[in-house]
Amino acid sequence: MMKFKFFQDKVEPARWRTHNGDILCVHDMTHEHIDNVVRCLCGRGNMTIPNPYQGKSNIEWYCIFNKELFRRRNENI
C-alpha cells in the first residue's frame, strides 16, 4: 500500500530568500552568509529579519541554521 503524499518521509530542504530576491538552499549558503543571517535573526546585524519570515519563526530559522553549521562541522572531522 502506498503512503499518502503527506505521510511520506521526504523532507524539503530549507530555502532562504535573500534581500535581492534570490532563493538559496541553506545547504548551499556560505558559512559567512549563515553567520550574517543569524546575527540579523538575533537583532545584532545591520538588518532585522521580520518574525515570522517565510512561514517560520526566527527561532525556527535559528535552529535550521544551527543544524546546518553543526552538520558542516561534523562532516569535516
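Here are some notes on this predicted model, point by point.

1. **Ground rules.** Since the model is predicted, local features need pLDDT of at least 70 and side-chain atom pairs count only at pLDDT 80 or more, while totals for chains, interfaces and linings use all residues. Residues are numbered from 1 along each chain as its sequence is written, and side-chain values use heavy atoms, with hydrogens and water left out.

2. **The largest nonpolar core.** A nonpolar core here is a set of buried Ala, Val, Leu, Ile, Met, Phe, Trp, Tyr and Cys residues joined through side-chain atoms within 4.5 Å. Buried is under 20% relative accessible area, exposed is over 50%, and partly exposed lies in between, with a 1.4 Å probe and protein chains only. The largest such core has 14 residues, and W16, M29, W61 and F65 touch the most other members. Two or more residues come from each of α1 (31-41) and α2 (58-75), and α1 gives the most, with five. Helices (H or I, at least four residues) and strands (E, at least two) are DSSP runs, numbered from the N terminus.

3. Contact means heavy atoms within 4.5 Å. Setting aside residues up to four places away in sequence, M29 touches W16, L24, I34, V37, F65 and R72. Please keep R72 in mind, as this residue returns below.

4. **The buried side of α1.** Five names to look up in the viewer are I34, V37, V38, C40 and L41, the buried residues of α1. They lie on the same side of the helix, because they cover an arc of only 160 degrees around the axis; the arc is that of the directions from the helix axis to the C-beta atoms. The partners that these buried residues pack against are β1 (15-17) and α2. After α1 comes G43, with a positive phi near 85 degrees.

5. **The cysteines.** With a disulfide taken as a pair of cysteine sulfur atoms within 2.5 Å, the count is zero. C40 is in no disulfide, and its nearest cysteine sulfur, that of C42, is 9.4 Å away. C42 is likewise in no disulfide, with the sulfur of C40 as its nearest at 9.4 Å. C40 is buried at 7% relative accessibility, whereas C42 is partly exposed at 39%.

6. Shared partners join E68, R71, R72 and E75 into one network. As background, an α-helix has 3.6 residues a turn, so residues three or four places apart point the same way.

7. How accessible is each member? E68 is buried, with a relative accessible area of 9%, and R72 is buried at 17%. R71 is partly exposed at 27% relative accessibility, and E75 is exposed at 55%. R72 is found in helix α2. A polar atom of the R72 side chain lies 3.2 Å from the backbone oxygen of H27. Leaving aside neighbours within four places in sequence, R72 is in contact with V26, H27, D28, M29, T30, H31 and I34.

8. **N58, also in α2.** N58 is another residue of helix α2, and it is buried, with a relative accessible area of 12%. Not counting residues up to four places away in sequence, N58 touches L41, I49, P50 and N51.

Conventions. Polar contact = N/O pair within 3.5 Å; in protein donor to acceptor, adjacent residues only side chain to side chain. Salt bridge = Lys/Arg side-chain N within 4 Å of Asp/Glu carboxyl O.
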